[in-house]
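I opened the notebook for a single chain today.

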Amino acid sequence: MKARTYFVCTECEYRSAKWLGKCPSCGAWNTFEEQSEAPEPAKTASAVKASAQRVSYAGSNSPAERLSTLELPTYIRSLTGYSELDRVLGGGLVSGSVVLLSGEPGIGKSTLLMQISAALEKEKRVLYVSGEESLGQLKLRAKRLGVGGGELFVLVETNLTKILEEAAKVEPDVLIIDSIQTVYSELSASVPGSVSQVKECALSLIGLAKNEGVSVLLVGHVNKEGSIAGPKVLEHMVDAVLYFEGEQSHSYRILRAVKNRFGSTNEIGVFEMTGEGLVEVPNPSEALLAGRPLGVSGNCAVCIMEGSRPIIAEIQALVCQTAFPAPRRTANGVDYNRLCLLLAVLEKRLGQRFSQNDVYLNVVGGIHLEEPSVDLGTALALVSCLRDIPLPNDLIAAGEIGLSGEIRSVPHTEQRIREAERLGFRKILVPARTQELKKLEGKTSIEIVPVKSVLEAVMAALGNGKNE
């Protein structure tokens with residue numbers, strides 16, 4: 001029987017006989033991938049057993065019970081040996097959970113998992129399954145990272161049935177699959193990495209986790225848009241989804257949770273890539289402010305909140321006269337549209353002539369600032385560079401700017417002030433409508449300057465300096 005070719009949407013699994021630019025089911029663009037459907041292979045006894053294991057965890061054999069009679073589950077957490085990762089996971093790795101780790105190629109996903117394996121194998125039995133590297137490559141990376149591996153088992157395999165059979169022999173507490181796109185199941189005739197294969201393999205591994213209490217870590221590839229490759233339903237099936245972010249040209253890496261059934265999704269973990277592997281950065285504020293220039297215009301410190309952790313970052317602005325009919329606008333680390341909005345507010349409300357200048361904005365360290373609380377610091381850095389008047393080195397700002405030029409309040413102001421005080425800042429500009437200011441009267445050494453508008457903020461930070 002000849003194989004039949006069709007196209008499948010990677011977002012909603014809609015099938016079409018021909019390629020379509022826009023999916024008629026979910027409306028996504030450029031999501032159709034070509035797949036071929038070969039004749040259904042004969043199912044082996046092990047494949048049938050794996051299929052039975054896959055569907056048994058759903059609880060289809062259990063009768064319906066009253067909610068009031070159920071007891072709260074006691075989840076057993078295991079510390080991974082890395083406090084930054086434990087913070088993101090909500091306190092550690094939960095037994096029987098399935099975690100999906102995704103990131104750009106070369107960002108350090110395999111390095112992080114190998115280091116986690118070395119920390120976990122001291123108390124747990126770990127099975128590391130690789131579908132992309134040989135045993136020699138795994139040993140070479142383990143030697144570079146200083147991983148001994150007493151209770152760490154490695155397996156190079158892509159057949160799901162053989163992986164489950166080996167897991168039954170080893171009986172691991174933690175199972176790592178690197179990566180889910182390379183694993184294939186005999187129950188599906190499509191090629192590895194396709195929608196049906198990823199879904200089938202993920203279901204079987206989730207069944208193993210729920211039935212045996214094994215903690216499963218899956219590595220997921222990303223597509224050209226930067227999202228996790230494969231069907232979107234894969235993210236709904238797992239218990240936690242982690243993104244490993246960072247720029248290839250910078251050493252800092254950020255681990256962020258976008259889904260977590262056992263903890264918060266607002267926490268982040270910060271790592272630094274070194275020659276010996278990933279190193280935790282317990283105090284990212286000091287690392288991001290290291291080497292900060294003093295007495296230079298266009299430089300301002302801001303404080304953002306990542307979950308329960310305040311982080312102080314440095315924003316740099318460069319404003320220079322343009323040589324082109326249309327001035328350039330470049331934003332690195334902040335939203336480009338937000339930069340254009342702030343420039344329009346400063347030009348309309350303060351009369352600053354940015355329309356005749358090129359504007360470049362950069363966040364030091366390669367991190368991305370998405371909070372609106374960085375508006376005030378960004379505006380001060382832009383005006384400082386335009387007037388060529390340096391801001392005080394011990395000044396920090398936190399506040400959102402509205403279209404009328406007003407300064408809106410931001411949450412967690414007290415935590416931001418405490419972090420700024422700890423790092424030696426002596427003056428902070430905050431919104432005047434912040435309710436937490438009364439609590440801090442006489443309890444902090446840092447000077448708190450409440451401001452109502454961007455004009456008051458510029459006057460408080462720069463005074464009556466003139467353009468030069």
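I took contact to mean heavy atoms within 4.5 Å. On that basis, residues 24 or more positions apart account for 67% of the contacts in the chain with a separation of 6 or more.

**Ground rules.** I am working on a predicted model, where local features need pLDDT of at least 70, side-chain atom pairs count only at pLDDT 80 or more, and totals for chains, interfaces and linings use all residues. Residues are numbered from 1 along each chain as its sequence is written, and side-chain values use heavy atoms, with hydrogens and water left out.

**Whole chain.** I looked up the secondary structure and found 12 helices and 23 strands. These are DSSP runs numbered from the N terminus, helices (H or I) of at least four residues and strands (E) of at least two. Next came burial. I call a residue buried under 20% relative accessible area, exposed over 50%, and partly exposed in between (1.4 Å probe, protein chains only). Of the 468 residues in the chain, 49% are buried. The accessible surface is about 22,400 Å², and carbon and sulfur atoms hold 51% of that area. The areas come from the Shrake-Rupley method with a 1.4 Å probe; for residues, only the protein chains shown count as cover.

**The sheet.** In what order do the 7 strands of the open sheet run? I read E17-E18-E16-E15-E19-E22-E23, with mixed pairing. E17 (329-332) and E23 are the edge strands, each pairing on one side only. Neighbouring strands are turned by 25° against each other on average, direction ignored. Axes here are lines fitted to C-alpha atoms, for helices over the stretch in contact, and angles run from 0 to 180 degrees between N-to-C directions. Pairing needs at least two DSSP bridges between two strands.

I then walked along the pairings. E15 (residues 299-306) and E19 are parallel and joined by 2 bridges. Val-302 has Ala-397 in E19 as its bridge partner. E19 (residues 395-397) also runs parallel to E22, through 3 bridges. There Ala-397 stands opposite Leu-429 in E22. Lys-427 stands opposite Glu-447 in E23. E22 (residues 427-431) is mostly covered, with 4 of its 5 residues buried.

**Helices.** H9 (residues 336-350) lies across E17 and E18 (357-363), at about 125° to E17. H10 (residues 375-387) has 13 residues and spans 18 Å from its first C-alpha to its last, close to the 18 Å expected. The expected span is 1.5 Å times one less than the number of residues. H10 has 13 of its 13 residues buried. Just after H10, I noted a positive phi of about 60° at Asp-388.

H3 (residues 109-120) has 12 residues and reaches 16 Å, close to the 16 Å expected. In H3, 11 of the 12 residues are buried. Among them are Lys-109, Leu-112, Met-114, Ile-116 and Leu-120.

**Leu-93.** I found Leu-93 in strand E5 (residues 93-94). Buried or exposed? Leu-93 counts as buried because its relative accessibility is 3%. Its contacts beyond four places in sequence include Ile-76, Val-99, Leu-120, Val-174 and Leu-217. Ser-78 is another of the contacts. The C-alpha atoms of Leu-93 and Ser-78 are separated by 5.0 Å, although the residues are 15 apart along the chain.

**Salt bridges.** I counted a salt bridge when a side-chain nitrogen of Lys or Arg lies within 4 Å of a carboxyl oxygen of Asp or Glu. The structure holds 15. One of them joins Asp-239 and Arg-261, at 2.8 Å from N to O. Asp-239 sits in the loop between H7 (233-237) and E11 (240-245), and Arg-261 in the loop between E12 (252-260) and E13 (268-274), so the pair ties together parts 22 residues apart in sequence. Asp-239 is buried at 3%, whereas Arg-261 is partly exposed at 46%. Lys-210 is linked with Asp-239 and Arg-261 in a network of salt bridges.

Two further pairs went into the notes. Arg-408 meets Glu-406 at 3.0 Å, N to O. Arg-408 is partly exposed at 44%, and Glu-406 is buried at 15%. Arg-422 bridges to Glu-419, with the closest N and O atoms 2.9 Å apart. Both residues lie in H11 (residues 413-422), 3 residues apart, about one turn of the helix. Arg-422 is partly exposed at 45%, while Glu-419 is buried at 10%.
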